[in-house]
Amino acid sequence: MFTRRHSPKKNVRDTLCGISSSGDADSPTSQIQPFVLKLYRLIKNNGEYSHLVSWSSSGDSFRIHDNYLFSQVVLPRYFRHDKWSSFVRQLNMYDFHKLPDCDPSVDASSSDESSDGQSKVKPSVCDFKHHFFHRDRFDELYKIKRKPTRDQRHYHFHYVNIDHIPDTTLNVSPLPQQRQLAADSSTLGQLDQRVEQVLSSMQQTTNDLRDMRASLLHRSRILYDMVDTLESIRGSRQFIITGDQPTRTRDNNDFH
C-alpha cells in the first residue's frame, strides 16, 4: 500500500508579506516601492530591533522608540545611511504622516552639533502612519506611491496619436445645444440676406424719388415759362385793344 506524499504547504501569508525574496516579476513585491517594502519587512519580520521600531497595537501605524539608536543601528543596515533627517524626508515623500502623540519634549527632526562637527540626533519617540501601510494589509502596499514633484505636477503632458482615433469619433452626432446654435446661425444668415434686400429696395426707392423730384421741378419751370408767355401775350393784346379805342371814339364824335 502506497502512501501519498504531501509536499510541505507553503506559507501563503509569508509569501505575500515578501519573506520569500524571489525576483519573479509577477510576485506581489514587484509592484511595491523598494523603500516601502524594506520598511515593512523591517517592522514585521525582524524581532531583533523590536525595541527600536514596532507596530502599534492596532497595526495601522508604527513607532520608533528611540530615533537616535534607530539612526545609528538600523538605518545603516537597511537604508545604507545614518541620517535621521533623510529617513524622515523619505517618509514624507511617500506621504507618511507623523502622529501628534510623539514625544513633545524633543523634536524628532532636530539635531545638535557634536564636538567633531557631525550632527547628533536628539533621542525621542515618534509614531508614523499611512493609510495603506498596515500590519495585516500587505496587499495594499503597492498603493503607496511617491508624491510627484512640483515640476511633475505643473508640467504633465498627454500625447495622443490622432492616427489611431476610431472613425466613429469623427461622426459623433451633435448635441442639442450645437443643433440649436446651427439653426440660429442659419436664421441669422437669412435675416442678413433679408436686410440686404430691404436696404437695396430702399436705395432704389430713394433714387426713384430723386428722379421724380427733378422731373417735377423741370415741369414746374415749363409751366412757369408758359404762364409768363401767356401773360406777355395777354399784355400785348390789351395794348392793341386799348390803342384802337380812342380812334374809334374820335370817329364817332366826328360822325355826330
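Among contacts between residues at least 6 apart in sequence, what percentage join residues at least 24 apart? In this chain that share is 60%, where contact means heavy atoms within 4.5 Å.

Please note that this is a predicted model, in which local features need pLDDT of at least 70 and side-chain atom pairs count only at pLDDT 80 or more, while totals for chains, interfaces and linings use all residues. Residues are numbered from 1 along each chain as its sequence is written, and side-chain values use heavy atoms, with hydrogens and water left out.

Let me start with the overall architecture. The chain contains 6 helices and 6 strands; these are DSSP runs numbered from the N terminus, helices being H or I with at least four residues and strands E with at least two. Their order along the sequence is α-α-β-β-α-α-β-β-β-β-α-α. Of the 256 residues, 20% count as buried. In these terms, buried means under 20% relative accessible area, exposed means over 50%, and partly exposed lies in between, with a 1.4 Å probe and protein chains only. The chain exposes about 20,400 Å², of which carbon and sulfur atoms supply 53%; these areas come from the Shrake-Rupley method with a 1.4 Å probe, and for residues only the protein chains shown count as cover.

I turn now to the interior. In soluble globular proteins, nonpolar side chains tend to be buried together. The largest nonpolar core here has 31 residues, and L39, L42, F62, F70, F87 and F133 touch the most other members. A nonpolar core is a set of buried Ala, Val, Leu, Ile, Met, Phe, Trp, Tyr and Cys residues joined through side-chain atoms within 4.5 Å. At least two residues of this core come from each of α2 (34–45), β1 (53–55), β2 (61–64), α3, α4 (84–93) and β6 (126–129). The largest share, 7 residues, is supplied by α2.

Which residues does L39 contact, leaving aside its neighbours within four places in sequence? They are F62, F79, F87, L91, F96 and F133. After α4 comes D95, whose phi is positive, near 70 degrees.

N67 belongs to helix α3, which covers residues 67–78. Is N67 buried or exposed? With a relative accessible area of 0%, N67 is buried. Its side chain reaches the backbone nitrogen of S124 at 2.8 Å. This is a polar contact, that is, a pair of N or O atoms within 3.5 Å; within protein, one must be able to donate a hydrogen and the other to accept it, and residues adjacent in sequence count only if both atoms are side-chain atoms.

P123 sits in the loop between β5 (119–121) and β6 and is partly exposed at 47% relative accessibility. P123 and L69 are 54 residues apart in sequence, yet their C-alpha atoms are 7.7 Å apart in space.

Next, the charged pairs. How many salt bridges does the structure hold? There are 4, each being a side-chain nitrogen of Lys or Arg within 4 Å of a carboxyl oxygen of Asp or Glu. In one of them, D127 pairs with R63, the closest N and O atoms being 2.6 Å apart. Because D127 lies in strand β6 and R63 in strand β2, this pair ties together parts that are 64 residues apart in sequence. D127 is buried at 5% relative accessibility, whereas R63 is partly exposed at 32%.

Another salt bridge joins the side chains of E48 and R77, at 3.3 Å from N to O. E48 is in the loop between α2 and β1 and R77 in helix α3, so that the pair links distant parts of the chain, 29 residues apart. E48 is partly exposed at 48% relative accessibility, and R77 is exposed at 52%.

Finally, the surface. V195, V198, L199 and M202 make a nonpolar patch of about 350 Å². Patches consist of residues with over 30% relative accessible area and no salt bridge; like charges are joined within 9 Å, and nonpolar side chains (Val, Leu, Ile, Met, Phe, Trp, Tyr) within 5 Å. L199 lies in helix α6, residues 176–255, and is partly exposed at 48%.
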